[in-house]
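This report concerns side-chain contacts in one protein model. Please consult the sequence and the 3D structure shown here before reading on.

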Amino acid sequence: MPTVGSGTSPAGVAGETQRMSSTPPIPAELPILPLRGVVVYPLMVVPLTVGQPRSVRLIDDVAVGDRYVGLVASKDPELDEPGPDQVYQIGTVAVIHRLIKAPDGTIRIIVQGIERIRIDEWTAQQPYLKARVTPIPDIMPSEPSLETEALMRNVVELFGRLVALVPHLPDELMMAVSSTNDPRQMAYMVATSVRMDLQDAQKVLELDYVTDKLRHLTGILTHELEVLELGKKIRSEAQSEMEKMQREYFLREQLKAIKRELGESDEQQMEIEELRKKIAEAHMPEEAEKEALRELSRLEKLPPAAAEYSVIRTYLDWLTSLPWAVTTEDVLDIARARQVLDEDHYNLEKIKERILEYLSVRKLRLERAAERQSAEVGSEEHEDLIRKEREGVILCFVGPPGTGKTSLGQSIARAMGRKFIRMSLGGLHDEAEIRGHRRTYIGAMPGRIIQAIRRVGSKNPVFMLDEVDKIGVDWRGDPSSALLEVLDPEQNREFRDNYLDVPFDLSQVMFITTANVLDTIPGPLRDRMEVLELSGYTDDEKLHIAQGYLVPRQIKENGLRPDEISFSQAALLKIIREYTREAGVRNLERQIGAICRKVATRIAEGVAQSVFVDEAQVSEYLGKPRYFFEAAERTEIPGVATGLAVTPTGGDVLFVEATKMPGQKGLTITGQLGEVMKESAQAALSYIRSKADQLGVDKDFFNKNDIHIHVPAGAVPKDGPSAGITIVTALASLLTERPVRDDIGMTGEITLRGRVLPVGGIKEKVLAAHRAGLRTVIIPRRNEKDLDELPQHVRQEMKIILVDYVDEVLNIALRDGRNTQQKLAETTPDEDEMNPPQDGGEPLLRTPALQSSGDAEP
């Protein structure tokens, strides 16, 4: 398909040249040459390049004939050989004046438009397009009019402005346009010279009236001028900005020269002196001060425009802004600390006792150090001694969400009079987040530890590292390994951040970490921390927390006054038992807040002045209860037993269901169980099969039936050995058709010989049973030591049964049947099993971290 050529003269192009002279009349049938992206107008001379074989043959045939050809624009410029439906029906008949064949096989022609034509009928498509055409001359004004003259003048003016803005349009073109008196020729001359879309160019050709063509061109010229003038304005502003920068640069250089002549310091020197003063006032250690002065010396020798200047300047800003010698004085008033902790948290006596022990030891060590200083050492040595005595401590609060781990850290800071800073480690997967980036990298920064110390502005804050159990590991490094240095009192005296590259003393920082579970914390990191467990709250403790802390806080946050809303004790207990079931109090506070908001709405609308929320009104505000005591309903059918588990959100109740069906010794285990729990199910079935005679189970039962064990909540992964006695009990209940007691929960690992082995998480499991309404719990006898951690009122309300063997479990748990213990007495455990191993005996199975509804063994 032909395109617009460059108009090169024949002398500049290799090939053959033919010249045409006279113009014969326009024939009724013409060969049609589709044009790509260009419209040729009557009276205009345009160079074209023809390269398609079909178009080359057309030009060869026309050149030896009458030289007339129909030129029409293709609707899609991307098509190489458009058909009749893919070209416009209005075009121009043109005569070929010059033809040049190039060595690459293309033909370059110069054509002159003669008249507009309309294609009436296509007569051929091969070897090229042919059609019958009708000339359609433009409609000229019958006589000159003011409108035509005004349109022509307007086009000339706009075109003149356009020529002035476009470098490739010559002034001679403007002279030619302004000198013509023919409006048709002016319109086509301007249309050929102006850049416009193909649709606009075709519209100029298709308009019948010359005045309409001039109007259309006026709009196109106006739009093009607006675009060009805006571009010129943008270029002018950019040029002015560059000239302004150059001018300011020369003025600054002149100002520097004037200041040198007057003996005044320049701006850079003043900045250097200011940094030198900050270094002296920062009281850095010797190594850090030496490094800072070395970098300052390098900075003096660099021009401000140097790339490294800003890097060194930023580094010195970091060094001078760190609290190298800034500390807050500890408030070691033990009585006041106890008062602060009691004000902020209910119960948690073990945690509070440990914090008060820490403060008491700190107080005594400082007093002894002061005594030795007065007798033996000087002032400077005394400061060094104090620094060594004030070694940091690393506590790790482990417990379910909502048990007050983060707020405990804030209370500790308030009790000690220290500043508090918190950093979340959840999802952290880049070692550089802890140690910082080396200064060789663009955009390098210190690690988040140093950034936090700078923000808090103190060398000895209470630093809380939240979610230490959720640190990730990938190809960028292991952040938990980087924390080993931070949380080791023997190493963090000289913590070396990669960015600073000088030691910073973290030994006076009191680090406190929090976690939901211990299993995902690497052993070396866990070894550096003192673990304090927050297992969860009982209903009674939640009631006291709600009355003393949650309700007053929600009243304040929702814009209410204490006399405008109050809760009865029964209402709070109903919220605790029927609308929340959690180890902490986070959801409890949300439900109390929801009631406060609804009451605030009623008071704001003037419906009520004060509201007393009683038990009966809780459902009105919160809807239907969400939790029920379902153990009785679930266990009324044989084959269902209630177990206890530990999850990252605290203890939970776990139902184990078993059923039988005709088959052949098959065992199906479902509920997304881990390998350890599947092995417990296999061991439980093997034990039951070995005791079939004592349980009264037919010998052929297992040959003719399949057994299916399922743990509901199948979408939640579960694992751990402590469901062993629960699975045995469910199987025994199924085969003996004796339901399990509905008020009993159990936990414990089993052996094939019927021993019950100890498991972990006893406190969390017993509290979960207490929350679920169970009043009897069966646990291994070797877990008796864990009962000391239970709250006194829970031990009084719950019946804890200690067992050594599975037959004891079945005798206690199964209802309405013969004494299972007597049936199993025939098979007596061997002598080794009758004597339970002491510490160091049979090892406990350890499992990886569990998802919710699983067991996390110690």
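E295 has a relative accessibility of 2% and therefore counts as buried (buried means under 20% relative accessible area, exposed over 50% and partly exposed in between, with a 1.4 Å probe and protein chains only). The side chain of E295 meets that of R294 in a salt bridge, 3.2 Å from N to O; a salt bridge is a side-chain nitrogen of Lys or Arg within 4 Å of a carboxyl oxygen of Asp or Glu. R294 is partly exposed, at 45% relative accessible area.

The model is a predicted one, in which local features need pLDDT of at least 70 and side-chain atom pairs count only at pLDDT 80 or more, while totals for chains, interfaces and linings use all residues. Residues are numbered from 1 along each chain as its sequence is written, and side-chain values use heavy atoms, with hydrogens and water left out.

**Salt bridges**

Side chains of opposite charge can pair when their charged atoms come close. The count comes to 45 salt bridges, including the following.

| Pair | N to O distance |
|---|---|
| R294 and E295 | 3.2 Å |
| R561 and E564 | 3.1 Å |
| D804 and R781 | 2.8 Å |

D804 lies in the loop between β26 (799-803) and α29 (806-813), and R781 in the loop between β25 (776-780) and α28 (792-797), so this pair ties together parts that are 23 residues apart in sequence. Helices (H or I, at least four residues) and strands (E, at least two) are DSSP runs, numbered from the N terminus. D804 is buried, at 17% relative accessible area, whereas R781 is partly exposed at 36%. E564 is buried at 10%. A network of salt bridges links E115, R116, D138, R184, D208 and K213.

**Aromatic pairs**

Rings of Phe, Tyr and Trp (its six-membered ring) pair if their centres lie within 6.5 Å; planes under 30 degrees apart count as stacked, over 60 as edge-to-face and the rest as tilted. There are 5 aromatic pairs by this rule. One of them is the stacked pair of Y41 and Y188, with 5.2 Å centre to centre and 20° between the planes. Y41 lies in the loop between β3 (29-35) and β4 (45-50) and Y188 in helix α4 (residues 183-193), so that the pair links distant parts of the chain, 147 residues apart. Y41 is buried at 2% relative accessibility, and Y188 is buried at 0%.

Y315 and Y499 form an edge-to-face pair, 5.8 Å centre to centre with 65° between the planes. Both Y315 and Y499 are buried.
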